[in-house]
Amino acid sequence: MNICAENPPLCKAEKRYGQGKMTTLKLNSVKQTLGFFSMTIAWALMNLLHSVYLGWTDGKADDSGVVIFWSGLFIAIAWAVFIIYPLKKLDHTKNIFKPTIFPIISAIYGALTYSIIVGGLFRSFELVTMFMPLALLTGAIFGVSYSLLIQSDRVVDLPNRRPFTKIFFILSPALILFFFLSVMPAIGPSLVFRFMPDEIRYKIVAKTIPKYKVGDDFEPLKNDLPGYLDHIDNGSGNMSASMENFAFVLQVNCGKIIRLEYGKNSTDFDNTIYGKLQEKPCP
């Protein structure tokens, strides 16, 4: 493929300045795009790791939805105010952009930026310290991602040769959110259940409960909703829950579902727990 035919200005620059400056010129034309994509990667991986951490330590990622929203907002502010200008002005041939150095610098810079934004808006030292590890993690991931991307000739060449690919980088936050919050729960609901925000977990519950009926073994249902029904232990117990557009009552005895009713809300059925149902001896 002839780059001169596709991008005459770059070809002229190569003839005039030489290969080294040509590479710099190519990078200058895409470094904001790669920086935005690196920030998106950092935001996505930070939230993924945070959700996994909450899921394994607390049994469910209760705060993940809040962190996804607020971290996205703060990172957008940080990108506009603290990152665009430095990326434009800094000489990317310097040693600070090496993968062994830049992640450390960007982690410290991320923590400082987070402290300025959150501290200035909320004036709460406790809030600043609470999420400081996530700010450091986000900055470090950004540094690793960006330093590796700008060193790849193939990655740098891609937006120069095919400008339409910049659309992918710009839309990457929406694509990642769609994959994490829609595709993953659809293809593996039981695998991601404990790591999802509350709203997504409720949707998985609403889709899973109707798949079962009275007389079914309880263990498969418990496995389909990891952590959600753990209080029903030793094959006996009950649960009644009401959420947006779905409510249910479940009673289990001898490892079997002995009562299961559900509807759009709790007024659609009798949600009373009948204790005597669970007093029957197991066969």
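Leaving aside its neighbours within four places in sequence, which residues is Ser38 in contact with? In this predicted model, the answer is Phe142, Ser145, Tyr146 and Leu149.

Ser38 lies in helix α3, which covers residues 19–58. Its relative accessibility is 0%, and because buried means under 20%, Ser38 counts as buried. One is with the backbone oxygen of Leu34, which the side chain of Ser38 reaches at 2.8 Å.

Now move along the chain to the strands. Strand β2 takes in residues 246–253 and strand β3 residues 256–263; the two run antiparallel and are joined by 7 bridges. Together β2 and β3 form a hairpin, with 2 residues between them.

The turn of this hairpin holds Cys254. Most residues other than glycine have a negative phi. Cys254, however, has a positive phi, near 55 degrees. With a relative accessibility of 29%, Cys254 counts as partly exposed.

A second residue with a positive phi is Asn234, where the angle is near 60 degrees. Asn234 sits in the loop between α12 (218–224) and β1 (237–243). Is Asn234 buried or exposed? At 74% relative accessibility, Asn234 counts as exposed, since the cut-off for that class is over 50%.

Back in strand β2, find Phe248. Where Asn234 is exposed, Phe248 is buried, with a relative accessible area of 0%. What does Phe248 touch, not counting residues up to four places away in sequence? The list includes Val205, Ile209 and Tyr228, together with Met239, Ser240, Ala241 and Met243. Glu261 and Tyr262 are also on it, as is Phe269. For one more distance, turn to Asp268, which is 20 residues from Phe248 along the chain. The C-alpha atoms of Phe248 and Asp268 are separated by 9.5 Å.

Note on methods. Residues numbered from 1 in each chain as written. Predicted model: local features only at pLDDT ≥ 70, side-chain atom pairs only at ≥ 80, totals over all residues. Heavy atoms only, no water. Pairing = 2+ DSSP bridges. Helix = DSSP H or I, 4+ residues; strand = E, 2+ residues; numbered from the N terminus. Buried < 20%, exposed > 50% of the residue type's maximum accessible area, 1.4 Å probe, protein only. Polar contact = N/O pair within 3.5 Å; in protein donor to acceptor, adjacent residues only side chain to side chain. Contact = heavy atoms within 4.5 Å.
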